[in-house]
Amino acid sequence: MLTNFKVVESLIGATAMAAVAILAAAPAGAACKLKTVVSSTFNKNLDGWTSNTPAEVVWRSSGGNPGGFVQFTDMTGATTYIDAPASYHGSYSALDGAGFITFQHAILQEVNVSSYDPYQIFLSGPNGAAMFNGGTPTAASTGWLTVAAPLVAADWTVTSGTWSGLLANVTDLQIVIELVGNNNSGTDIEGIDNVAVASQSCGFGIP
Ligand SMILES: [Ca+2]
C-alpha cells in the first residue's frame with residue numbers, strides 16, 4: 001500500500017505539477033513523463049466547478065497560488081465540497097496505477113476551531129464509488145498545501161461497485177473544501193486552487 005503518497009506537502013509558491021513531480025519520485029535511471037489530462041487554475045473564473053452549498057462558494061480574482069481561486073465562507077452546518085465540471089468526467093481506466101488527482105487547499109481564516117477533517121476526494125459513477133482520505137490539517141492557518149491522490153486502488157476506499165468499474169466511467173468528482181468545524185460560531189474561510197488530473201508514465205506500482 002502506497003501510504004507514502006498520502007502526504008500533504010507544504011509547497012507555498014510551488015505549482016501543483018511541481019509538487020507532484022516531487023511526490024512521485026522516479027526510479028533511478030527512468031525518464032518519467034508527467035502529462036496533465038485536465039486542470040483548473042481558477043485564474044479567470046470557477047472553470048465550471050459548482051458546490052453543494054453555492055451561497056458559500058465564490059470565485060476570487062486574487063489571493064490564490066497564484067491568481068484566482070475558489071473561496072469558501074462558512075454560513076451553515078453542512079460540509080461543503082466542490083463538484084468538477086464535465087471536462088473531468090469520463091474514463092479514468094488508463095490512469096489506473098499511473099495517474100493522480102491533485103489540488104491545493106488553504107485554511108485562510110478561522111475562529112473558535114473545534115475540529116479538523118481530513119483532505120478528501122470522492123469519485124463516483126454508474127459502476128462504483130470511492131473515497132480518498134489524505135492527511136488532516138492541524139493548524140488554523142495553513143497557507144497553500146498540495147494534496148496528491150494516486151489513482152491506485154489501495155489508496156482509496158471503495159464504497160460501492162468496483163474500482164475498475166468506477167474508473168471506466170467517472171461521472172462525479174468532488175473535493176471537500178470545508179475541513180474545519182467551529183460550532184457555527186464566527187466565520188471561517190478556506191480555499192482551493194490548482195486542481196489537476198495527470199498521468200505519470202512510470203506509474204506508482206514500481207517495486
Ligand atoms: Ca489560481
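**Strands, burial and confidence in a predicted model**

Modeller: In this predicted model, Met131 stands opposite Thr157 of strand 12. Residue numbers start from 1 along each chain as its sequence is written. Because this is a prediction, local features need pLDDT of at least 70 and side-chain atom pairs count only at pLDDT 80 or more, whereas totals for chains, interfaces and linings use all residues.

Biologist: Which other strand pairs with strand 10, and over how many bridges?

Modeller: Strand 9 (residues 120-125) pairs with strand 10 over 6 bridges, again in the antiparallel sense. Within this pairing, Ser124 has Ala129 as its bridge partner in strand 10. The two strands form a hairpin with 2 residues between them.

Biologist: In what order do the strands of this open sheet lie, and why are strand 3 and strand 12 called edge strands?

Modeller: The sheet has 6 strands in the order 3-6-13-9-10-12, with antiparallel pairing. Strand 3 (50-51) and strand 12 (157-161) each pair on one side only, and they are the edge strands. Overall, the protein chain has 2 helices and 15 strands.

Biologist: Which side chains of strand 10 point to the buried face?

Modeller: In a regular strand the side chains alternate between the two faces of the sheet. In strand 10, Gly128, Ala130 and Phe132 point to one face and are buried.

Biologist: Why is Asp193 called buried?

Modeller: A residue is buried if 20 or more other C-beta atoms, placed from the backbone, lie within 10 Å of its own, exposed if 12 or fewer do, and partly exposed in between. Asp193 has 25 other C-beta atoms within 10 Å and is therefore buried. Asp193 belongs to strand 15. Of the 207 residues of the protein chain, 36% count as buried.

Biologist: Which residues are in contact with Asp193, leaving aside its neighbours within four places in sequence?

Modeller: Contact requires the C-beta atoms of two residues, placed from the backbone, to lie within 7 Å. For Asp193 the partners are Phe42, Gly64, Asn65, Phe69, Gln104 and Trp144. Gly64 is 129 residues away from Asp193 in sequence, yet the C-alpha atoms are 6.3 Å apart. In the protein chain, 79% of the contacts between residues at least 6 apart in sequence join residues at least 24 apart.

Biologist: Is Asn194 buried or exposed?

Modeller: Asn194 is buried, because 25 other C-beta atoms lie within 10 Å. Asn194 also lies in strand 15, and its phi is near 55°, a positive value in a residue other than glycine.

Biologist: Why is Asn112 called partly exposed?

Modeller: Asn112 has 14 other C-beta atoms within 10 Å, so it is partly exposed. Asn112 is found in the loop between strand 7 and strand 8 (115-116), with a positive phi of about 50° although it is not a glycine.

Biologist: Why does Gly203 count as partly exposed?

Modeller: Gly203 has 18 C-beta neighbours inside 10 Å, and therefore counts as partly exposed. Gly203 lies in the segment after strand 15 (189-200). Apart from neighbours within four places in sequence, Gly203 is in contact with Gly97 and Ala98.

Biologist: How many residues are in the largest nonpolar core?

Modeller: A nonpolar core is a set of buried Ala, Val, Leu, Ile, Met, Phe, Trp, Tyr and Cys residues joined through C-beta atoms within 7 Å. The largest one has 45 residues, and Ile192 is among those with the most contacts inside it. Strand 7 (residues 99-109) gives the largest share of this core, 6 residues.

Biologist: What is the pLDDT over residues 1-28?

Modeller: On the scale of pLDDT, the predictor's confidence in each residue from 0 to 100, residues 1-28 stay under 50. Where pLDDT is low, the predicted coordinates should not be read in detail. The protein chain averages 84, and 82% of the residues score at least 70.

Technical notes. Helices (H or I, at least four residues) and strands (E, at least two) are DSSP runs, numbered from the N terminus. Two strands pair if DSSP finds at least two bridges between them.
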